[in-house]
Structures are given as C-alpha cells and as structure tokens.
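I opened this entry to look up charged contacts and ring contacts. Notes follow in the order I checked them.

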Amino acid sequence: SQEGVGLMVDSSVITQAKDYMEAHLEERLNVKQIAEQVHYSPSYFSQVFKHAVKMSPYDYLLSRRIERAKSLLLQTEYPLEIIAARSGFQGISHFIYAFKKSTGLSPLKFRKLGL
C-alpha cells in the first residue's frame with residue numbers, strides 16, 4: 001500500500017501529541033486541537049499519527065480513555081457518572097457503550113470481576 005510512503009515521522013511530534021491527549025483526557029478534544037499543539041494541519045497530523053501509532057488519533061484517544069476508566073473502576077468506588085466524566089466521556093450512555101464495545105463487559109461487571 002502507498003499509505004504512509006514519504007511521511008517523515010518525527011517521534012517527538014507523536015510523543016508531544018500523546019502527552020497532550022493524556023493531559024487533557026477529561027476535556028472535549030478533537031483532531032484539530034491536537035494538531036494545533038504540534039503545528040500540523042489536522043489531515044497531515046492524522047496521517048502521520050496513524051502511520052506512527054497504527055491507529056487514528058481518535059481511536060488512540062478512545063483507548064486511553066478506556067484505560068483510565070478501567071483503573072478508576074478498579075481503584076475507586078466512584079459512581080459511573082464520575083468515572084465517565086474523569087475519563088473524558090460526554091455522558092454516561094456514551095461511556096457505557098464505548099466501554100462495552102472495547103472490553104466486552106459493562107463497566108460495573110468489569111469492576112465486579114476485578115479485572
């Protein structure tokens with residue numbers, strides 16, 4: 001495939017983007033905002049990120065949010081509303097849907113099983 005051919009991936013840009021996402025997980029984030037942090041256009045940033053990380057910026061962000069939710073589920077007694085908000089999900093139904101799609105379990109089942 002031709003995708004990614006000729007892309008010069010500066011690993012510091014990827015690291016910077018990941019750090020920014022991590023620091024702002026609780027906020028509404030979009031590719032444009034992340035791209036601005038590394039001074040790339042959104043479309044070029046998406047290409048470069050996907051080439052380097054093997055997933056889109058959105059999918060990466062979602063995976064980091066799910067990981068944060070998992071640790072909050074296991075390490076705290078917070079109700080789901082708080083966990084959803086602290087993990088950057090806009091609303092509890094979106095959180096439950098995304099969590100289940102990612103892990104195959106509901107957040108409460110995950111907590112109960114202590115995975």
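I took a salt bridge to be a side-chain nitrogen of Lys or Arg within 4 Å of a carboxyl oxygen of Asp or Glu. The model is predicted.

**Entry 1: arginine 68 and glutamate 26**

I looked up this pair and found the two side chains in a salt bridge, N to O 3.8 Å. That value falls within 4 Å, so I kept the pair. Arginine 68 sits in helix H4 and glutamate 26 in the loop between H1 and helix H2 (31-37), so the contact ties together parts 42 residues apart in sequence. I then checked accessibility. Arginine 68 has 25% relative accessibility and counts as partly exposed. Glutamate 26, at 48%, also counts as partly exposed, because exposed requires over 50%.

**Entry 2: arginine 64 and glutamate 22**

I looked for what glutamate 22 meets and found the side chain of arginine 64, in a salt bridge of 2.9 Å, N to O. This pair links distant parts of the chain: arginine 64 belongs to helix H4 (residues 57-75) and glutamate 22 to helix H1 (residues 11-23), 42 residues apart. I noted arginine 64 as partly exposed at 24% relative accessibility. Glutamate 22 is partly exposed too, at 29%.

I read 38% relative accessibility for glutamate 67, which counts as partly exposed.

**Entry 3: aromatic rings**

I turned to the rings and counted six aromatic pairs. In one of them, tyrosine 40 and tyrosine 44 have ring centres 5.2 Å apart and planes at 50°, so I recorded the pair as tilted. Stacked would need planes under 30 degrees apart and edge-to-face over 60. Tyrosine 44 has 30% relative accessibility and counts as partly exposed.

Which residues do ring pairs link into a cluster? I found Phe89, Phe95, Phe99 and Phe110 joined in this way.

Technical notes. Residues are numbered from 1 along each chain as its sequence is written. This is a predicted model: local features need pLDDT of at least 70, side-chain atom pairs count only at pLDDT 80 or more; totals for chains, interfaces and linings use all residues. Side-chain values use heavy atoms; hydrogens and water are left out. Rings of Phe, Tyr and Trp (its six-membered ring) pair if their centres lie within 6.5 Å; planes under 30 degrees apart count as stacked, over 60 as edge-to-face and the rest as tilted. Buried means under 20% relative accessible area, exposed over 50%, partly exposed in between (1.4 Å probe, protein chains only). Helices (H or I, at least four residues) and strands (E, at least two) are DSSP runs, numbered from the N terminus.
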